[in-house]
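Below is a guided reading of one protein structure, taken element by element. Please keep the sequence and the 3D view side by side while reading.

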Amino acid sequence: MRLWVVLFFVAALPSAWATVPAALEAALKTFRAEPPRGWSFTQTTVAEGKSTVERCDATRPEFERWTLVKKDGRDPTPAEITHYQEIRSRRSRGGTAPNLIEQLALHDLETVDETAERITYRCRIKRAESGDKTADHLRATIRLHAATQTIESVELRNTEAFRPTLAVYIDEMKTQLTYSLPSAEAPSLPQLVATRVRGTAFWFKSLDAEMTVTFSDYAPVRRR
């Protein structure tokens with residue numbers, strides 16, 4: 001009898017999706033932080049005064065898809081191409097990136113703005129399994145396009161200055177991910193990732209940094 005009572009109350013507990021509005025739940029289930037398979041695209045990264053332009057060709061085999069197109073605005077040298085291919089090969093063997101959606105504490109979801117077209121939600125970030133408490137100082141802001149049930153942007157930003165370690169002080173930490181709306185020709189596709197950090201290490205060394213990753217020239221793989 002006790003077992004049945006326990007099972008009843010466990011079954012009655014709200015799931016992680018129980019407090020998530022239906023439109024947002026549908027959007028989250030189909031959301032991809034990275035470009036989808038079957039699409040070629042150009043990726044331009046700008047950081048610390050340097051730039052890299054890469055092309056991902058989805059028609060090629062898995063380990064041959066990426067090509068270095070430009071390096072700091074010029075054609076890359078043979079040595080740079082070789083170095084790039086070695087780095088790309090190691091990245092491919094390194095596994096996949098963390099799932100952004102799995103890091104959102106959706107049970108803590110709140111609505112911060114709502115119009116006929118868009119709804120903006122905010123929630124906490126789950127702590128990393130490693131015990132890193134950085135997530136305690138971050139919040140995620142999710143902008144939903146209601147008509148298409150599409151996530152247009154996700155922003156991760158700190159709510160206060162904090163110290164991830166004794167010698168490191170972070171004043172600002174922000175990542176902004178932006179996506180296109182779906183159309184008859186294409187699904188929702190990543191457009192821009194922008195990161196910004198302001199802080200110091202050992203009380204004098206600057207950690208200030210900015211980076212943008214732009215996605216362009218999307219082309220679907222045409223099936224025969």
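In which strand is the place of Gln 43? Gln 43 belongs to strand S1. The model is a predicted one, and in it Gln 43 counts as buried because its relative accessible area is 14%, where buried means under 20%. Leaving out residues up to four places away in sequence, Gln 43 touches Thr 52, Val 53, Glu 54, Trp 66, Arg 88, Val 213, Thr 214 and Phe 215.

In soluble globular proteins, nonpolar side chains tend to be buried together. Here the largest nonpolar core has 33 residues. Those with the most contacts inside this core are Leu 24, Leu 28, Phe 31, Leu 104, Ile 125, Ile 151 and Val 154. Two or more residues each come from helix H2 (22-30), strand S1 (39-47), strand S4 (104-114), strand S5 (118-125), strand S6 (138-145), S7, S9 and strand S12 (209-220).

Helix H2 contributes to the core, yet Ala 22, which has its place in H2, is exposed because its relative accessible area is 61%, and exposed means over 50%. The C-alpha atom of Ala 22 is separated by 9.3 Å from that of Gln 149, although the two residues are 127 residues apart along the chain.

The next step is the pairing around strand S9. Strand S7 (residues 150-158) pairs with strand S9 (residues 168-179) in the antiparallel sense, over 5 bridges. Within this pairing, Glu 155 has Gln 176 in S9 as its bridge partner. Strand S8 (residues 162-165) also pairs with S9 in the antiparallel sense, over 2 bridges, and Phe 162 stands opposite Ile 170 in S9. With 2 residues between them, S8 and S9 form a hairpin. The pairing of S9 with S10 is antiparallel as well and runs over 11 bridges. There, Leu 177 has Val 193 in S10 as its bridge partner.

Where is Phe 202 found? Phe 202 is in the loop between strand S10 (190-201) and strand S11 (205-206), and Trp 203 lies in the loop between S10 and S11 too. Phe 202 counts as exposed because its relative accessibility is 52%; Trp 203 counts as exposed because the value for this residue is 58%. The backbone at Trp 203 has a phi near 65°, a positive value in a residue other than glycine.

Asp 72 lies in the loop between strand S3 (66-71) and helix H3 (78-93). Is Asp 72 buried, exposed or partly exposed? Asp 72 is partly exposed because its relative accessible area is 37%, a value that falls between the cut-offs of 20% and 50%.

How values were computed
Residues are numbered from 1 along each chain as its sequence is written. This is a predicted model: local features need pLDDT of at least 70, side-chain atom pairs count only at pLDDT 80 or more; totals for chains, interfaces and linings use all residues. Side-chain values use heavy atoms; hydrogens and water are left out. Helices (H or I, at least four residues) and strands (E, at least two) are DSSP runs, numbered from the N terminus. Buried means under 20% relative accessible area, exposed over 50%, partly exposed in between (1.4 Å probe, protein chains only). Two strands pair if DSSP finds at least two bridges between them. A nonpolar core is a set of buried Ala, Val, Leu, Ile, Met, Phe, Trp, Tyr and Cys residues joined through side-chain atoms within 4.5 Å. Contact means heavy atoms within 4.5 Å.
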